Amino acid sequence: MNDLGKKRTRGYTHMLDVWDLPDGEFILVEVDHWGNPMGWEGKTLLNAIGSLVRRHQCAPINFLSWKDMPKDYITDMVELIQVWYKTL
């Protein structure tokens with residue numbers, strides 16, 4: 001708690017280290033036999049996806065459902081993740 005008695009909360013994870021990866025660099029993620037990401041790299045993958053969908057340039061808030069989101073936005077987000085991450 002801070003001095004005013006309010007509980008401090010953490011803000012969003014922006015994942016700037018992922019957004020600023022040099023061209024050609026990526027993070028190698030190990031997956032289990034079901035395809036679930038594992039380890040530290042898996043956690044950064046999930047955080048990066050969360051960061052990506054919170055950016056209004058990637059996922060505008062005027063779409064209330066993923067079903068209503070134009071496929072172009074979704075395709076662009078998937079391509080960004082595929083540039084940043086590769087799986088074993």
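Reader: What makes Val18, Trp19, Leu21, Phe26, Ile27 and Leu52 contacts of Trp84?
Author: Contact means heavy atoms within 4.5 Å, and Trp84 meets that with Val18, Trp19, Leu21, Phe26, Ile27 and Leu52, leaving aside its neighbours within four places in sequence. Keep in mind that this is a predicted model, where local features need pLDDT of at least 70 and side-chain atom pairs 80 or more, while totals for chains, interfaces and linings use all residues. Residues are numbered from 1 along each chain as its sequence is written, and side-chain values use heavy atoms, with hydrogens and water left out.

Reader: Why is Trp84 called buried?
Author: Buried means under 20% relative accessible area, exposed over 50%, and partly exposed in between (1.4 Å probe, protein chains only). Trp84 has 6%, so it's buried. Trp19 has 24%, so that one is partly exposed.

Reader: How do you know that Trp19 and Trp84 form an edge-to-face pair?
Author: A search of the whole structure turns up two aromatic pairs. Rings of Phe, Tyr and Trp (its six-membered ring) pair if their centres lie within 6.5 Å; planes under 30 degrees apart are stacked, over 60 edge-to-face, the rest tilted. Here the centres are 4.9 Å apart and the planes at 70°, so the Trp19 and Trp84 pair is edge-to-face. This pair links distant parts of the chain, 65 residues apart: Trp19 sits in helix H1 and Trp84 in helix H3 (helices are DSSP runs of H or I, at least four residues; strands are runs of E, at least two; both are numbered from the N terminus).

Reader: And why is the pair of Phe63 and Tyr73 called tilted?
Author: Their ring centres are 6.1 Å apart and their planes at 55°, so tilted is the label. Phe63 is in the loop between H2 and H3, and Tyr73 is in helix H3, ten residues apart.

Reader: Why does Ser51 count as buried?
Author: Its relative accessible area is 4%, so Ser51 is buried. You'll find Ser51 in helix H2 (residues 39-54), in contact with Thr13, His14, Met15 and Trp19, again leaving aside neighbours within four places in sequence.
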